[in-house]
Structures are given as C-alpha cells and as structure tokens.
Amino acid sequence: DWLAVEFRKQGLSMKKLHKLIVSSAVYRQASRVSPDLLERDPANRLLARGPRHRLSAEAIRDLMLKSSGRLSPKMFGPSVYPPQPGWVTKLAYGSPGWNVSKGEDRYRRSLYTFTKRTAPFASFTTFDAPSGEGCIARRDRSNTPLQALVLLNDDMYVELARYVAREAEKQPAGKRVDFLFRRFLTRPPQDAEEKLMRRFLAAQLERIDGGKLNAEKITGDKKASGDQAALFLLARSIMNLDEAITRQ
C-alpha cells in the first residue's frame, strides 16, 4: 500500500518506482532466516528476509560476462549473435543461420541477443526463458542437469572461463584461487572453501602433468601452460556453483 501511494506521488514513474524498490533495505537483505523467525513467519509475509531464487537466463549470461571481465558497455544498435551451436537455427523457419558476432558485439548484454520464435537462443531456453510465442506473467524456474552441462560445456561459457583463467594466471601464485572466487561470488572464500579449491587445482595440475589432460585442447591455445589449463578448470567449476547463479 505504501509503495502504491509513493508511486502516485512520484507521478506514476516506473523508473522512480524501480529505483526506490532496488535501493531499499528490504530488497537488499539476505535470504538467511533464523529458526524462530521461520516458525513465526514461514511465508515471509513480514518481508523480514530476502527471497532466494535462481537468476533469469539473461541475468546469468550477463553475470558471467561481467565476472569474467568481457562484458561490453556498448549500447543501442542492431541485435547481435553470441556463440552457440550452428545447428540450433538449421531447422528454423527460413533456415536463417547463426553467424556468430565478432569483436565487442560478441560480449554485449543479453538484451541485444537476436531471437527467433522458431529457434530461440538455446542457452536462454535451457534456463527457462520464454520463446516469445506468447505473453507470460511469470517465468517458471526449473533446476535440471542440462543447466549444469550448459554452464560447463557451452561454447560461450567455455570462452569466458578461458579468458578469466588467463587473467588469473597473471596474479601471484598464492592469490589465484582467491582472485577467481571473488570474481564470480564477490566475497573472499572461507578457509575450508579455499583448501578445497587448492586441492582441486593441484589435482588438475597432476592430471595435466601426467598426460591425462591436454593443456592445449583445454585452453584452445598452443602456448598455454599447465597452470592456465588448471585455472580454466577451476573457473569453470566456480561458474557452475549454485551460489554463482542464485540471488540470496
């Protein structure tokens, strides 16, 4: 009721209303809840805690672009074609093809991604984005193994993981794990988390040095070191964490 009155006072400006909501303490609070509060208010009618939900398809891609350091600030202009398998549009009406954008356009915000109703952007569909064939009031939110496979293996996310791994390799050896963790989760790792990641990194280096994994194939770079390949594998794992794609 209070928001409705403020909306009217501010001249029915949607922009001012959105700014008021997202800058409020209620909107920005964490989703943590005490047992006592959960018992008193299980449905969160009092708005004493924040919601916890997976980000939308477009927000996940934009988050990965920003965290990896590749997000383009360019605004306006025609739609762009981020990396995705070419076969996605082969069976679409008119067989339009998918000519992947080059340069800066490759990393523009998801808002600018070209979409076709008969062949929507595959990554967005996996994360429950609508096809555009009808208007919906609220999107479904699913949790499927295919979503994890996309974050691990999709060309777009693999490319971003390779880039941020190169950036991590430039850091002092003792700070590389912390660098990657902070880039995607915006917080320092706890001791147990850091130990786990260091063990994972050491295990991947051992596999690479032992010939079980090929650094060139992993990174797509003939000159890549084993460290860079191991950091790529770690970055890809962090990108796939539940915390990385969940608002909480």
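View 1. Please keep in mind that the model is predicted. Now look for Tyr81, which pairs with Phe114 in a stacked arrangement. The ring centres are 5.0 Å apart, and the planes make an angle of 25 degrees. Tyr81 is also partly exposed, at 24% relative accessibility. Where in the chain do Tyr81 and Phe114 sit? Both belong to the loop between H5 and helix H6 (122–126), yet they are 33 residues apart, so the pair is described as linking distant parts of the chain.

**View 2. A cluster of aromatic rings.** Which residues do ring pairs link into a cluster? They are Tyr81, Trp98, Phe114, Phe121 and Phe124. Across the whole structure, a search finds five aromatic pairs.

**View 3. The largest nonpolar core.** This core contains 43 residues, and those with the most contacts inside it are Met64, Tyr157 and Leu180. Several helices supply at least two residues each, among them H5 (57–68), H8 (155–169) and H10 (191–209). Which helix gives the largest share? That is H12, with nine residues.

**View 4. Helices H9 and H12 packed together.** Two packed helices are described by the angle between their axes and the distance between the axes. Here the axes of H9 and H12 come within 10 Å and cross at roughly 30 degrees. The crossing is right-handed. On the H9 side, the contact is made by Arg176, Val177, Leu180, Phe181 and Phe184. On the H12 side, look for Asp227, Leu231, Leu234, Ala235, Ile238 and Met239. Sorted by class, this contact has nine nonpolar, no polar and two charged residues.

**View 5. Stepping back to the whole protein.** How many helices and strands does the protein have? There are twelve helices and two strands. From the N terminus, the order is α-α-α-α-β-α-α-α-α-α-α-α-α-β. The C-alpha trace spans about 65 × 55 × 30 Å along its principal axes. Of the 248 residues, 35% are buried. Among contacts between residues at least 6 apart in sequence, 60% join residues at least 24 apart.

How values were computed. Residues numbered from 1 in each chain as written. Predicted model: local features only at pLDDT ≥ 70, side-chain atom pairs only at ≥ 80, totals over all residues. Heavy atoms only, no water. Core = buried A, V, L, I, M, F, W, Y, C linked by side-chain atoms within 4.5 Å. Buried < 20%, exposed > 50% of the residue type's maximum accessible area, 1.4 Å probe, protein only. Helix = DSSP H or I, 4+ residues; strand = E, 2+ residues; numbered from the N terminus. Axes fitted to C-alpha atoms, helices over the stretch in contact; angles between N-to-C directions. Left-handed = near helix turned anticlockwise from the far one by under 90°. Contact = heavy atoms within 4.5 Å. Nonpolar A, V, L, I, M, F, W, Y, C, P; charged D, E, K, R; others polar. Phe/Tyr/Trp six-rings, centres within 6.5 Å; stacked < 30°, edge-to-face > 60°.
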